[in-house]
Amino acid sequence: MEPQFWRDRWAENKIGFHEGKPNTFLAEHEGRLGGTRVLVPLCGKSEDLAFLAAHGRSVIGIELVEDAVAAFFGEHAATPTIERRGPLALYTAGAIQILAGDFFAVTPADVGPVDAIYDRAALIALPPELRPRYIAHLRSLVPAPAPVLLVTIEYPQDLMPGPPFSVPESEVRTYYPTATLLGDAPIQSGRAAELGVARERSYLVR
Ligand SMILES: C[S@@+](CC[C@H](N)C(=O)[O-])C[C@H]1O[C@@H](n2cnc3c(N)ncnc32)[C@H](O)[C@@H]1O
């Protein structure tokens, strides 16, 4: 998707992907993720950032749309410091940092030391041709063996165009051969929920 697609989604408040509460699979399995500083790519203004911080983690998110980043801190009554770094802006308040800017422009130095990854609705936000590049860049920021908690969606892709895209288990295993399926449940929110057949699935990669 072009950056403008996401800017428009946020500007028009078409953010059905935003759960407004911690993700069920994260709430159930965060203790299995491990790590002390967690990277949350394509984080939106997810409550999962606050949930991870409330469970003792430092968190660094990456989000393209700066208004979404500002909204996260505003909704949590936090006043972040903002450090401009070329095309990026680093927002910091307490244990939560969010880099505002393009994920693909972020370097390991921007992110700093990270020892776990939480991906909910990031991989599945991207079209098939971009997903291998996304995984390669993610691993350049946080090399294996840092664990990954991954939340995906599966549905027959011909029922609707993404995003969100269906990413089947077979594809997940091409990126993460050691992934263990933790959970599978009907999806509760967003466009895919309206299909009535979409499943949300979570994996732990160690
Ligand atoms: C489907 S939403 C998921 C947001 C969040 N993970 C959640 O669970 O609510 C995908 C998010 O990725 C952001 N995004 C899309 N492309 C991006 C990019 N290249 N770099 C950083 N963020 C991006 C969008 O603005 C959007 O907020």
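In strand β6 (residues 116-120), Ala116 is the bridge partner of Val38. Strands and helices are taken here as DSSP runs, strands (E) of at least two residues and helices (H or I) of at least four, numbered from the N terminus. The model is predicted, so local features need pLDDT of at least 70 and side-chain atom pairs count only at pLDDT 80 or more, whereas totals for chains, interfaces and linings use all residues. Residues are numbered from 1 along each chain as its sequence is written, and side-chain values use heavy atoms, with hydrogens and water left out.

## The sheet

Nine strands form an open sheet with mixed pairing, in the order β3-β4-β5-β2-β1-β6-β7-β9-β8. Two strands are said to pair if DSSP finds at least two bridges between them. At the edges stand β3 (81-85) and β8 (180-186), each with a single partner strand, so one side of each lacks a neighbour in the sheet. From one strand to the next, the twist averages 20 degrees.

| Strands | Sense | Bridges | Residue pair |
|---|---|---|---|
| β1 and β2 | parallel | five bridges | Val40 and Gly61 |
| β1 and β6 | parallel | two bridges | Val38 and Ala116 |
| β4 and β5 | antiparallel | five bridges | Leu90 and Leu99 |

Helix α4 (residues 66-75) packs on the sheet and touches β2, β3, β4 and β5. Its direction makes about 165 degrees with that of β5. Contact means heavy atoms within 4.5 Å. Axes are lines fitted to C-alpha atoms, for helices over the stretch in contact, and angles run from 0 to 180 degrees between N-to-C directions.

## Enclosed strands

Burial is judged by relative accessible area: under 20% is buried, over 50% exposed, and values in between partly exposed (1.4 Å probe, protein chains only). Five of the five residues of β6 are buried, so this strand is largely enclosed by the rest of the structure. In a regular strand the side chains alternate between the two faces of the sheet. In β6, Ala116, Tyr118 and Arg120 point one way, while Ile117 and Asp119 point the other way, and all are buried. Strand β2 (residues 58-63) is likewise largely enclosed, because five of its six residues are buried.

## Helices α2 and α3

Two packed helices are described by the angle between their axes and the distance between the axes. The axes of α2 (residues 24-33) and α3 (residues 47-54) cross at roughly 30 degrees and come within 11 Å. That makes α2 roughly parallel to α3, a term for angles under 35 degrees, with over 145 counted as roughly antiparallel, 65 to 115 as roughly perpendicular and the rest as oblique. On the α2 side, Leu26, Ala27 and Glu30 meet Asp48, Phe51 and Leu52 of α3. By class, this contact has four nonpolar, no polar and two charged residues. Ala, Val, Leu, Ile, Met, Phe, Trp, Tyr, Cys and Pro count as nonpolar, Asp, Glu, Lys and Arg as charged, and the others, Gly among them, as polar.

## Leu33

Leu33 lies in α2 and counts as buried because its relative accessibility is 0%. Leaving aside neighbours within four places in sequence, the contacts of Leu33 include Val38, Ala116, Ile117, Val148 and Leu149. Leu33 and Val148 are 115 residues apart in sequence, and 6.9 Å apart in space from C-alpha to C-alpha.
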